[in-house]
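Let's take a walk through this structure together, one region at a time. Keep the viewer open as you read.

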Amino acid sequence: MFNNFDGKVVLDNLHFLIEGMQTTLLLTVVAIIGGLLLGTLLALARLSPFKTLSFVAGTYVNFFRSMPLILVIFWFYFLVPHILGRPVGGFYSVLVAFVLFEAAYYCEIMRAGIQSVRQGQIYAGQALGLTYQQNMRYVVLPQAFRNMIPILMTQAIILFQDTSLVYVVGIKDFLVSADLVANRENRILEMFTTVAIVYFVICLSGSLFIRRLQEKFNL
Amino acid sequence: MNYNWDWGVLVREPYLEWLTSGFTWTIVVSLTAWVLAFSLGSVIGIMRTTNSNLLRRIATCYVELFRNIPLLVQMFLWYFVFPELLPQDAGMWVKRGMPMPEFTTAAICLGLYTASRVAEQVRAGINSIGQGQRNAGLAMGLTPAQVYRYVLLPVAYRIIVPPLTSEFLTIFKNSSVALTIGVLETTAQARQIEEYTFQGFEAFTAATVLYIIVTSIVMLLMRFVEGRVSIPGMISLGAK
């Protein structure tokens, strides 16, 4: 039980764990930025009047959304070196997997956000003589973005949790670093409990922050 | 890109058998976990809408606890840490004694995790009905339990069919996380075929197609169900 719980092992390997957490955060941030950019393009494509474009974007989104993330990670871990013809290291393959996978989810959030702006607003803009670009820039997108903020941030927390799945290809993120220490020092109980607590604290603070934001700005 | 295509590997033994057994495990794990997630999630979700402070607080703690730890970490906690916390005999039984320890652990872990998400949907469904119906029920002399049974729940479940469908698809995809504790489901088998034959492209394509087929069938089926159970004039709502 907890009576032989040895917290010292965590402190001794703190440096190693922090390095792992940096990898986790790097992966999260790059995946968010890449996913958002690609996701926005996909959302615009999905809402565009060109049938082919919206069909292609729709297929992309449905394709990635029906696959488990682990399978996507395996796919790109295998595929990227094959396409480039040389080994690039697991980290970059996994990064590609995350950006492409998350883009599908961000696309759906963006699309819902844009569609959440009421049609009347667009008509009002047109009645005022705004051009399409002006209407988008000053009327639709500011409101859409405001509506999307909480969901975008929730998705970021989910993504942060999902990065732990890089375990399956052995990228040294937070969880894998802890796992290595746990096996080396034979301290499974301490290490995994610590990992769980760290993830819990970060994610809970994140979601409480989002809730506060929602109440304050009445999002 | 030079690659030796060999689609035949998928129908050769033992690889075909690996894929079928993997697919079976995916289905079995998902369904078992779903039964647990749906029943427990309903109870927790209902608790979050009751008038009792204590019940509400317990349910909120449950949801926050299970939602804010990555599924993979939870899998490890149940598989590696939980048996250590039990008295020695019970711990040994959980590790090796109980039937199919990996499968049982994976299904329970996935079920408990998804229950927190189902609970949020159930709560959103009940809350979207509004206080008026609850008050009307109470005013007619129904007990709180009867209000839930005859007034709130029948409507709430019909409203949350679409979000529950996507939760089911999530559990189905998340069942792949079970491979980390040694359940050889579809994704694990595809990976294993890649490692044995180097035909990764074929193996992963097979797994992808299997996932897409099941997703499509579930979506078609649920679109039909949605049409049958939707409440006229009501737009279905889901929690986010």
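Predicted model: local features only at pLDDT ≥ 70, side-chain atom pairs only at ≥ 80, totals over all residues.

Is A:Val117 buried or exposed? With a relative accessibility of 6%, A:Val117 falls under the 20% cut-off, so this residue counts as buried.

Who are the partners of A:Val117 once its neighbours within four places in sequence are set aside? They are A:Val140, A:Gln143 and A:Ala144, each in contact with A:Val117. For a sense of scale, try the distance from A:Val117 to A:Asp179: the two residues are 62 residues apart along the chain, and their C-alpha atoms are separated by 46 Å.

## Where the two chains meet

Now turn to the boundary between the chains. On one side, 37 residues of chain A take part, and they are in contact with 36 residues of chain B. Together the two chains bury about 3400 Å², and 77% of that area is on carbon and sulfur atoms. Within chain A, the residues that lose the most area to chain B are A:Phe74, A:Trp75 and A:Phe78, which together make up 16% of what that side buries.

Polar links also cross this boundary. Five residue pairs are in polar contact between chain A and chain B, counting pairs with both residues at pLDDT 80 or more. On the chain A side, the elements that give two or more residues are α3 (51-65), α4 (69-84), α7 (132-162) and α9 (188-217). Of these, α9(A) gives the most, with twelve residues. Sorted by class, the chain A side has 29 nonpolar, six polar and two charged residues.

A:Arg211 pairs with B:Glu64, and their closest N and O atoms are 3.0 Å apart.

One link to look at joins B:Arg123 and B:Glu120, at 3.1 Å from N to O. Both of these residues lie in helix α5 of chain B, three residues apart, which is about one turn of the helix. B:Glu120 counts as buried because its relative accessibility is 9%, whereas B:Arg123 counts as partly exposed at 26%.

## Around B:Thr49

B:Arg123 turns up again when you look at B:Thr49, whose contacts beyond its neighbours within four places in sequence are B:Arg123, B:Ile126, B:Asn127, B:Arg134 and B:Tyr148. You will find B:Thr49 in the loop between α1 (15-47) and α2 (53-67) of chain B.

The side chain of B:Thr49 makes a polar contact of 2.7 Å with the side chain of B:Tyr148. B:Thr49 has 8% relative accessibility and therefore counts as buried.

Over all chains, a search of the whole structure finds 13 salt bridges. Among them is the pair of B:Glu167 and B:Arg117, with closest N and O atoms 2.8 Å apart. Here the partners come from distant parts of the chain: B:Glu167 is in helix α8 (residues 161-174) and B:Arg117 is in helix α5 (residues 101-129) of chain B, 50 residues apart. B:Glu167 counts as buried at 6% relative accessibility, while B:Arg117, at 24%, counts as partly exposed.

Another salt bridge joins B:Glu195 to B:Arg191, with closest N and O atoms 3.2 Å apart. Both residues lie in helix α9 (residues 186-197) of chain B, four residues apart, or about one turn of the helix. B:Arg191 is buried, with a relative accessible area of 17%, and B:Glu195 counts as partly exposed at 49% relative accessibility.

## Confidence in chain B

Chain B has an average pLDDT of 90, and 96% of the residues score at least 70. Among its elements, α2(B) has the highest mean pLDDT (96), and helix α4 (residues 88-97) has the lowest (80). For residues 236-240 of chain B the pLDDT is below 50, and this stretch has 13 contacts in the model beyond near neighbours in sequence.

Methods:
Residues numbered from 1 in each chain as written. Chains lettered and ligands numbered in written order. Heavy atoms only, no water. Contact = heavy atoms within 4.5 Å. Buried area = accessible area lost by both parts, 1.4 Å probe. Salt bridge = Lys/Arg side-chain N within 4 Å of Asp/Glu carboxyl O. Polar contact = N/O pair within 3.5 Å; in protein donor to acceptor, adjacent residues only side chain to side chain. Nonpolar A, V, L, I, M, F, W, Y, C, P; charged D, E, K, R; others polar. Buried < 20%, exposed > 50% of the residue type's maximum accessible area, 1.4 Å probe, protein only. pLDDT = per-residue confidence, 0-100.
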